[in-house]
Amino acid sequence: MIQIEHRNIEQIPTLIVEKEEWKGKPHPTVIFLHGFQSGKEHNLHYAYNLVNHGVRVVLPDAYLHGERDDSADFARMSANFWKIVLTSIQELKQIYHVLKEEDLLIEGKVGVGGTSMGAITTYGALASYSWIDVAVAMMGNAHYELLAQGQLDYFKKKGLQLPVDQAVIDELFQMLERVDLSKHLDRLNGRPLFIWHGEQDGIVPFSLTELLMKEITPLYEGTSHLMFMRDEEAGHAVPRPAMLKSTEWFGHYLQEADELRNEK
C-alpha cells in the first residue's frame, strides 16, 4: 500500500510518498520540485507513478510556496523568483543530508527532478551536487543568466520599476553564475538526464532548451543517458505521456544507477 507522510525536514514542509514496506529503510529516492505559484501536493501524480516504478518520492514546498506562503502577491513573488530558486538549491542539500543521516538513501540511487521553476532548480542542482545520479527537467531552463537578463529586459520594456538597486542585481548575477549549468557543462558528468519542453511555451523560452541540447548532445555521444522530448503543440503544461515517460526514466535509471556509474 502507498502511504503519504507529512513531515518537516529542517523546517521545510515535505511529503514523503512510498510503500509501507520501504518506510525507515534505505531505498532509491527522488526529490521532486514543484513549479512557480504551485505546491508539493500538485505533484502527487508524479509521486504515485514513481512509487509504482519502485522509487520513494520526497516533495518539498519551496520558499514562499505551499505551507510557506506568506500571502505574497504575484509581483512580489516574481521579484523573488531567483531567491526562491537559489534557496531551493540550498535546501536540496539540507534534505539530502537529513535523509542520508536517517539511512533512507542508497548511494548511487538518488534522483532530482521538477517542473517549470522546479526544473530550473534541478539544472542548478546538477551544477552544484555530484550526489545527484539521475535528473528530470520538464519545461525548465539551464541558462540562468540569459533567463534572468530576459526577465530584466521584460521589466524595462513594460516600464516596471524593480524593488532593488543595480548593486543587488549585480550580486544576484554573480550568485547565478556559480550555479548556471550552461557555464559548467562538465559537471553533468554523463549523468542520465531527461528533458521535456513544449515549443509553444510562453513562460519559459523553448529556444533556451534548444540551445542547451546543442551544447550537451556531444557530451552524451555514444550513450543512452540523454533523452529530449519536444512537443510542437504544447505550451507551459506537461502532457500525460511526458509525465509518464519521465517517471519511467527515473525508475529505469535509478534501478540501474550502479551499473551506469561503472560505464562512465
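Visitor: Let's start with threonine 87: buried or partly exposed?
Guide: Buried means under 20% relative accessible area, exposed means over 50%, and partly exposed is in between, using a 1.4 Å probe and protein chains only. Threonine 87 comes out at 21% relative accessibility, so threonine 87 counts as partly exposed.

Visitor: What kind of model is this?
Guide: Residues are numbered from 1 along each chain as its sequence is written, and side-chain values use heavy atoms, with hydrogens and water left out. Local features need pLDDT of at least 70, side-chain atom pairs count only at pLDDT 80 or more, totals for chains, interfaces and linings use all residues, and the model itself is predicted.

Visitor: Which helix holds threonine 87?
Guide: Helices here are DSSP runs of H or I with at least four residues, strands are runs of E with at least two, and both are numbered from the N terminus. By that scheme, threonine 87 sits in helix α3.

Visitor: Which residue's backbone oxygen lies 2.7 Å from a polar atom of the side chain of threonine 87?
Guide: A polar contact is a pair of N or O atoms within 3.5 Å; within protein, one must be able to donate a hydrogen and the other to accept it, and residues adjacent in sequence count only if both atoms are side-chain atoms. In an α-helix there are 3.6 residues a turn, so residues three or four places apart point the same way. The backbone oxygen at 2.7 Å from the threonine 87 side chain belongs to lysine 83.

Visitor: Which residue takes a positive phi just after α3?
Guide: Phi there is about 60°. The residue with that value, just after α3, is aspartate 103.

Visitor: How many salt bridges turn up in the whole structure?
Guide: Side chains of opposite charge can pair when their charged atoms come close. The cut-off for a salt bridge is a side-chain nitrogen of Lys or Arg within 4 Å of a carboxyl oxygen of Asp or Glu. The count for the whole structure is 10.

Visitor: Why does the salt bridge of glutamate 199 and arginine 230 tie together parts of the chain, and how many residues apart are they?
Guide: The closest N and O atoms of glutamate 199 and arginine 230 are 2.9 Å apart. Glutamate 199 lies in the loop between β7 (193–198) and α7 (206–216), while arginine 230 is in strand β8 (residues 226–231), so the tied parts are separated in sequence by 31 residues.

Visitor: Which element gives the largest share of the lining of the largest cavity?
Guide: On a 1 Å grid over the protein atoms alone, a cavity is a set of points where a 1.4 Å probe fits but cannot get out, a pocket is an open set with protein on both sides within 12 Å along at least five of seven lines, and lining residues have an atom within 4 Å of a point. The largest cavity holds about 100 Å³, where grid points are joined across faces, edges and corners and a volume is the space filled by probe spheres set on the points. Among the 13 lining residues, Leu33, Pro60, Asp61, Ala62 and Ser88 are closest to its centre. The largest share, 4 residues, comes from α3.

Visitor: How many charged residues are in the lining of the second largest pocket?
Guide: That pocket has a volume of about 180 Å³, and Tyr96, Lys100, Glu107, Gly108 and Trp131 are the closest to its centre of the 11 residues that line it. Ala, Val, Leu, Ile, Met, Phe, Trp, Tyr, Cys and Pro count as nonpolar, Asp, Glu, Lys and Arg as charged, and the others, Gly among them, as polar. The lining has 5 nonpolar and 2 polar residues, and the number of charged ones is 4.
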